[in-house]
Amino acid sequence: MAVLPAEARAIDGRGLRADFPVFERPTRSGRPLSYLDSASSSQKPRSVIEAVADAYGHHYANVHRGVYELSVDADARFEGAREAVAAFIGAPSHREVIFVRNATEALNLVAFSFGRSTLRAGDLVLSTQMEHHANLVPWQQLAAATGATLDHVHLTDDGRLDPADLARQLERRPRIVAVSHVSNALGTINPVGEITRLAHDVGATVVLDAAQSAPHMALDVEALGVDFAALSGHKMLGPSGIGVLWGRRELLDAMPPFLTGGSMIKRVTLDSAEWNEVPWKFEAGTPAIAETSGLAAAISYLDGLGMASIRAHERALFAAAWAGLGAIRGVRLLGPADAEQHAGVISFVVDGVHPHDTATILDEAGIAVRAGHHCAQPVMQRYDLPATTRASFYVYNDLDDVERLVEGVHEVRRVFGLS
Amino acid sequence: MDNLYRDFILEHYREPHNQGVLDPADLRFADSNPTCGDELSMTLRLDLEGQRVADVAFDGRGCAISQASASIMTDGLRGRTLDELRDLDPRAVLADLGVPIGPARLKCALLGYKVLQGAITGGEASWPDEAQVLGDASGGGSAP
């Protein structure tokens with residue numbers, strides 16, 4: 001078991017479940033819901049749900065344009081959420097925080113706007129073999145549009161970026177290095193600070209997919225040194241439909257807009273337009289207004305627990321699950337064994353049982369896990385698997401969930417006549 | 001526990017009927033399940049008139065539901081005309097499978113059916129409409 005850092009307070013997962021209405025819902029199994037799919041999307045605490053309802057109920061008007069009291073109120077909340085995000089991720093300025101729908105949109109924004117305006121034929125974009133499709137396909141499209149080359153850092157057998165291959169690839173002087181902080185399919189925590197330092201040494205711009213890290217550990221974009229970071233609100237207790245792109249001001253200032261239309265302009269004639277300042281240059285049209293209030297409430301909830309405490313909590317659940325699942329005959333675990341390099345996400349396969357069948361039998365016991373390629377098909381190809389079953393932990397999980405998961409996998413083997 | 005993983009389903013999974021690849025074959029098609037990437041291919045031989053199925057085989061790896069469904073469905077194809085198979089109701093395939101299928105596993109259960117339709121028509125078939133197929137056949141379903 002991991003030792004709690006001095007600043008971390010222990011998290012009572014069972015106690016926190018009282019904050020999340022979804023756990024009042026009965027399951028067909030007759031047992032309480034064991035929700036182990038937070039890497040896909042997290043559940044929402046009452047405070048977030050109420051913040052969204054309150055925004056619609058008592059503070060709603062369009063933002064940016066009104067002169068009346070209600071609109072000023074809505075605007076203050078919207079911009080207040082921007083400041084909350086900036087503080088949460090260690091951004092030097094809230095003006096560097098752009099509201100988008102999700103991390104996917106944030107990464108597309110960078111690829112389209114920064115990528116297409118700076119890359120030339122023959123330039124190299126370096127990504128990795130472990131990326132979510134959201135941090136892969138936009139770069140494929142960018143390469144196709146610009147004539148740039150896209151390459152990928154290889155993975156070790158235990159699901160880490162191969163440091164030797166990274167060093168070799170960086171010698172080719174990539175213009176952009178796009179990497180995930182935490183792999184959604186393997187759970188690997190990448191040494192982003194180190195990668196960024198090496199990438200900057202060769203002049204690359206570093207784009208961080210923080211969708212799987214921001215909800216689960218302290219994220220400090222300044223300390224990591226990255227140039228862009230992408231987050232999804234729905235994975236960090238917030239509403240769906242709201243996400244964040246953070247970028248360095250000087251980069252954002254120089255970039256052309258991604259989507260164009262209302263709000264993002266300063267002056268428009270029939271023939272031309274001038275762009276608004278950042279971040280509004282990148283926020284065309286009416287944004288997800290109430291959802292930003294929900295995101296601010298989610299950040300407030302996470303801050304109340306402390307990100308160091310959340311990380312320590314999930315490290316302990318990971319260690320217990322890794323040991324418990326690893327002790328079952330015929331279970332293959334993916335990703336690094338070291339809890340320091342592995343977030344609360346465990347991808348596994350049961351020999352002789354398809355991952356979908358494993359997930360269905362766990363579901364019969366009220367345990368919600370994901371089965372499939374986890375939007376990371378190259379990871380499946382790397383390890384020659386059609387799919388995996390994936391369990392992922394968050395603040396509302398505890399050791400009971402781990403025990404039920406381990407017992408559930410034993411039951412999977414029994415159903416298939418393997419034990 | 002559940003009714004999904006009954007013994008006969010697991011028997012078809014472990015030892016699927018009609019597994020393999022016919023070579024030569026008159027009709028062939030391969031397709032995949034978008035939710036998991038499982039691939040399934042099917043080869044068929046027709047009688048001398050080219051009207052009825054003389055032999056059929058399927059290949060590929062997949063879950064117990066997709067393997068059992070393809071195994072059971074292909075058992076019933078020999079001797080049937082292509083017109084009959086074109087009109088094959090996906091609900092009949094689910095009924096023959098004999099276990100309750102909900103929306104979560106519908107594509108698994110109908111992957112073999114979809115590949116068969118692709119082989120007959122010579123191009124990728126679309127997935128049957130979920131609401132229509134499950135409307136009265138699911139009996140509460142097996143998975144949400």
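In the predicted model, 42% of the 144 residues of chain B count as buried. A residue is placed in this class if 20 or more other C-beta atoms lie within 10 Å of its own. The radius of gyration of chain B is 14 Å, which agrees with the value near 15 Å that a compact globule of 144 residues would have. Along the principal axes, the C-alpha atoms of chain B fill a box of roughly 45 × 30 × 25 Å. The secondary structure of this chain consists of six helices and three strands, and their order along the sequence is α-β-β-β-α-α-α-α-α. Contacts in chain B between residues at least 6 apart in sequence were also examined; 67% of them join residues at least 24 apart.

Chain A is divided by the domain assignment into two parts. Domain 1 is made of two stretches of the sequence, 13–44 and 307–415, while domain 2 covers residues 49–303. The C-alpha centres of the two domains of chain A are separated by 28 Å. Across the boundary, 26 residues of domain 1 of chain A are in contact with 27 residues of domain 2 of chain A. On the side of domain 1 that touches domain 2, at least two residues each are supplied by α11 (307–326), β12 (345–350) and α13 (377–382) of chain A. The largest share of this side, five residues, is provided by α11(A). By class, the residues on this side of domain 1 comprise 14 nonpolar, eight polar and four charged.

Strand β12(A) also belongs to an open sheet of four strands, arranged in the order β11-β12-β15-β14 (chain A) with antiparallel pairing. The edges of this sheet are formed by β11 (331–333) and β14 (370–372) of chain A, each of which pairs on one side only. On average, and with direction ignored, neighbouring strands in the sheet are turned by 30° against each other. Within the sheet, β12(A) is joined to β15 (residues 388–392) of chain A by four bridges in the antiparallel sense.

A parallel pairing is found between strand β3 (residues 124–128) and strand β4 (residues 149–153) of chain A, which are linked over five bridges. In this pair, A:Val125 stands opposite A:Leu150 of β4(A). Because four of its five residues are buried, β3(A) is largely enclosed by the rest of the structure.

The contact between the chains involves 17 residues from chain A and 16 residues from chain B. On the side of chain A that touches chain B, two or more residues each come from α12 (355–364), β14 and α13 of chain A. Helix α12(A) gives the most to this side, with six residues. The side of chain A that touches chain B contains seven nonpolar, seven polar and three charged residues.

Methods: Residues numbered from 1 in each chain as written. Chains lettered and ligands numbered in written order. Predicted model: local features only at pLDDT ≥ 70, side-chain atom pairs only at ≥ 80, totals over all residues. Domains from an automatic or database assignment. Contact = placed C-beta atoms within 7 Å. Nonpolar A, V, L, I, M, F, W, Y, C, P; charged D, E, K, R; others polar. Pairing = 2+ DSSP bridges. Axes fitted to C-alpha atoms, helices over the stretch in contact; angles between N-to-C directions. Rg over C-alpha atoms; globule rule 2.2 N^0.38 Å. Buried ≥ 20, exposed ≤ 12 C-beta atoms within 10 Å, placed from the backbone.
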